[in-house]
Amino acid sequence: MKAHDDIKGIYASEIDYLVDGIKNGKSLYHTFCLSTLSGSFPEGRTVVLRDVKRDPLNIYFNADYRSKKVKELISNKNCTALFYDQSRRVQLRLRCQAVVHYKNNISSEIWKNTALQSRKCYMGPFPPSDELESWHPNIPDEYLKTDPDKEHSEEGYINFTHIELRVAEVDILQLRHDGHIRFKVSDDTLSYLAP
Ligand SMILES: Cc1cc2nc3c(=O)[nH]c(=O)nc-3n(C[C@H](O)[C@H](O)[C@H](O)COP(=O)(O)O)c2cc1C
């Protein structure tokens, strides 16, 4: 049987793809499914990958402090980030622990570099997932077609969080015609898993 012994190389290359996914909107790693625990029930949703740091591996996204996902991560920091690149047929499953950066020097640095167009998403009158009596896009009415000026946009900061996901274990599955490859990376140790 042909050995696939370059899993170290596959791992390094997948991290490069993740880094590319930060700015490259066409990358299938630009978004991922974040799963949290809501009581005893899992909850998944799509979020945008905003940053990646290597050694130790951390990934980052932004969210509204009032959202359910943030409440869930505060009450239980364990979560999973799931990526799938359909064009290369690679799935990454990251077991993570979340650190919620809210009104601290890290969130304020990220906020400074957040575009006005994105800032208005944090100015919504309703906490995300609130039940509404009628349709509302949850951004201030005056900014439906324009962006706020910098001064007014600062009002969004109170709802802004930058979330760090510290990756404890990576599970990589590469689908291949000549035999799928699956392995995990935990504490810098790589081990094969049955696909
Ligand atoms: C393509 C796409 C990207 C999204 N990116 C984010 C994001 O970066 N952060 C976020 O909080 N919600 C994002 N959302 C919205 C969430 O998927 C979700 O609907 C919303 O945040 C409410 O989730 P919650 O009630 O579980 O907190 C995105 C949705 C889509 C479809």
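Tutor: A residue counts as near a molecule or strand if its C-beta atom, placed from the backbone, lies within 6 Å of it. This is a predicted model, in which local features need pLDDT of at least 70, side-chain atom pairs count only at pLDDT 80 or more, and totals for chains, interfaces and linings use all residues. Residues are numbered from 1 along each chain as its sequence is written.

Student: How many residues surround the ligand?

Tutor: Arg45, Ala63, Ser67, Lys68 and Lys69 are the closest to the ligand. The number of residues that surround the ligand is 15.

Student: Which element supplies the largest share of the shell around the ligand?

Tutor: Helices (H or I, at least four residues) and strands (E, at least two) are DSSP runs, numbered from the N terminus. At least two shell residues come from each of strand 2 (41-48), strand 4 (58-64) and helix 2 (68-75). The largest share, five residues, comes from strand 2.

Student: Which residue is joined to aspartate 55 by a cis peptide bond?

Tutor: Aspartate 55 is found in the loop between strand 3 and strand 4. The cis bond has an omega of about 0 degrees, and the residue that it joins to aspartate 55 is proline 56.

Student: Is aspartate 187 buried or exposed?

Tutor: Aspartate 187 lies in the loop between strand 8 (181-186) and strand 9 (189-192), and has a positive phi of about 50 degrees although it is not a glycine. A residue is buried if 20 or more other C-beta atoms, placed from the backbone, lie within 10 Å of its own, exposed if 12 or fewer, and partly exposed in between. Because aspartate 187 has 7 other C-beta atoms within 10 Å, this residue is exposed.
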